[in-house]
Amino acid sequence: MEHVPNDLSQTDTVVAHAAPSDYGAQQNEMKAISSFDWFSKKMLPSLLQVTAIIAVAAIGMFGSLPATIAAGVGMLGFELVRAHINNKADLNRELVLYHKEIAHAVGKSPFETLTIADMRHAADEKMVGDNAIKPLKLELEHLAYRGRYNFLMAGVRALVTIGGAVALQGMMAPAKAALEAGNGWTTLAGSAFWPLTGTLGAVTGATIGIETMGKKYFDSHEPLTVYHELTQLQDLTKKQQLAPEPVFAVIVKLDKELAKDIQDHLGKPYAELSYRNKTRVMQACESRTHAQALTEAINNDVLPVTSIAMSACHQMDWVEFERNKETKDNGLVQQPAAQLGVSMVQDKSFVADLAKQRSIKAQALSEHYLS
């Protein structure tokens with residue numbers, strides 16, 4: 001029987017500030033980037049790779065060995081440039097997602113144009129001290145690993161194609177000799193058909209096989225990331241209300257201490273729990289994770305989805321946030337986000353009080369069922 005102890009929801013946390021603001025422009029920018037992704041990462045690479053394979057194979061069929069190697073080097077350069085562009089696009093998407101937090105960390109206005117250098121500074125404790133954005137640091141480590149993987153796969157694709165072209169050149173020697181002896185193009189076409197199609201098939205198959213194995217290795221060794229979860233939640237909020245469950249799942253993924261506590265007390269990771277017990281764990285941990293409050297704030301367009309990661313890494317000041325909320329609700333002028341700074345406080349926020357008032361009975365019932 002899975003058991004949720006009472007003290008699982010009573011662990012104090014230390015958090016820092018993330019200010020509410022309008023994220024309409026950010027969402028529009030993210031939508032444009034996502035639309036470009038479909039073409040640049042799915043359709044365009046496939047078309048370009050097939051074209052490049054055919055071009056290099058044709059040079060390998062009719063040209064000399066130096067010409068074939070030169071074409072292969074050209075393809076290698078093309079693949080590396082494409083990998084560089086994809087890596088830069090990944091960084092720019094991260095920059096868009098954490099735009100407000102980066103601006104606050106480096107002391108700039110949220111309306112200023114930020115650079116990738118600003119993003120790196122915002123994740124570097126040596127540059128911005130305690131303002132360093134912990135979840136962004138994790139994402140940049142993930143993207144650095146992915147960037148190396150992209151360059152490696154680019155080199156592999158080019159080398160496989162070069163190998164196929166060189167092999168094709170050797171197989172086409174009889175056909176070229178027949179052509180030089182005065183035989184017609186029909187003879188050449190007949191002699192070239194099977195070597196050419198066989199080489200294209202072998203190159204394509206080898207490329208797909210290597211990329212599949214590489215992706216499997218990458219997925220099993222990649223550093224922690226919640227980028228995809230956050231962007232999916234961001235897209236979801238444009239269509240419907242966000243539920244607390246995916247918010248809590250992201251928090252557990254980032255908060256290793258919480259994940260360890262859940263596994264230690266329940267005997268299995270959070271992801272392997274039944275839906276019913278996931279719900280009970282989420283309720284028991286509300287005062288520690290603020291999952292319900294985060295969900296409500298995001299649905300009300302008060303906070304961005306990045307606040308989930310900020311809160312999970314204990315960098316969101318719930319006390320300061322509630323003070324600002326009360327000020328706004330009372331019709332008073334709210335203090336600008338840039339002037340609020342970072343406040344390190346213990347978790348005695350409005351979330352715990354609200355959760356206590358509205359769910360004492362439900363939580364007691366949950367503990368009874370889980371005991």
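How many helices and strands does the protein have? The protein has 18 helices and two strands, where helices (H or I, at least four residues) and strands (E, at least two) are DSSP runs numbered from the N terminus.

## Basis and confidence of the model

The model is predicted, so local features need pLDDT of at least 70 and side-chain atom pairs count only at pLDDT 80 or more, while totals for chains, interfaces and linings use all residues. Residues are numbered from 1 along each chain as its sequence is written, and side-chain values use heavy atoms, with hydrogens and water left out.

The predictor's confidence in each residue is given as pLDDT, from 0 to 100. Its mean over the protein is 75, with 66% of the residues at 70 or more. Contact means heavy atoms within 4.5 Å. Where pLDDT is low, the predicted coordinates should not be read in detail.

## Burial and contact range

Of the 371 residues, 43% count as buried; buried means under 20% relative accessible area, exposed over 50%, and partly exposed in between (1.4 Å probe, protein chains only). Among contacts between residues at least 6 apart in sequence, 75% join residues at least 24 apart.

## Aromatic pairs

The structure holds three aromatic pairs. One of them is stacked: tyrosine 149 and phenylalanine 218, at 4.9 Å centre to centre and with 25 degrees between the planes. Because tyrosine 149 belongs to helix α6 (residues 134-171) and phenylalanine 218 to helix α8 (residues 185-221), this pair ties together parts that are 69 residues apart in sequence. Tyrosine 149 counts as buried because its relative accessibility is 15%, and phenylalanine 218 counts as buried at 5%.

Phenylalanine 248 and tyrosine 270 form an edge-to-face pair, because their ring centres are 5.1 Å apart and their planes stand at 65 degrees. Phenylalanine 248 lies in helix α10 (residues 244-254) and tyrosine 270 in the loop between α11 (256-266) and α12 (275-284), so the pair ties together parts 22 residues apart in sequence. Both phenylalanine 248 and tyrosine 270 are buried. Tyr145, Tyr149 and Phe218 form one aromatic cluster. Rings of Phe, Tyr and Trp (its six-membered ring) pair if their centres lie within 6.5 Å; planes under 30 degrees apart count as stacked, over 60 as edge-to-face and the rest as tilted.

## Charges over rings

Lysine 278 lies over the face of tyrosine 270, at 5.4 Å from the ring centre. Lysine 100 lies over the face of phenylalanine 111, at 5.0 Å from the ring centre. The criterion is that NZ of Lys or CZ of Arg is within 6 Å of the ring centre and within 35 degrees of the ring normal.

## Packing of α10 and α12

The axes of α10 and α12 are 11 Å apart, and the helices pack at an angle of about 75 degrees. The two helices are therefore roughly perpendicular to each other. Pro244, Glu245 and Phe248 of α10 make the contact with Tyr275, Thr279, Val281 and Met282 of α12.

Axes are lines fitted to C-alpha atoms, for helices over the stretch in contact, and angles run from 0 to 180 degrees between N-to-C directions. Angles under 35 degrees count as roughly parallel, over 145 as roughly antiparallel, 65 to 115 as roughly perpendicular and the rest as oblique.

## Leucine 80

Leucine 80 is placed in helix α2 (residues 65-97) and, at 32% relative accessibility, counts as partly exposed. Beyond its neighbours within four places in sequence, leucine 80 is in contact with Phe151 and Ala154. Leucine 80 and methionine 153 are 73 residues apart in sequence and 9.1 Å apart in space, C-alpha to C-alpha.
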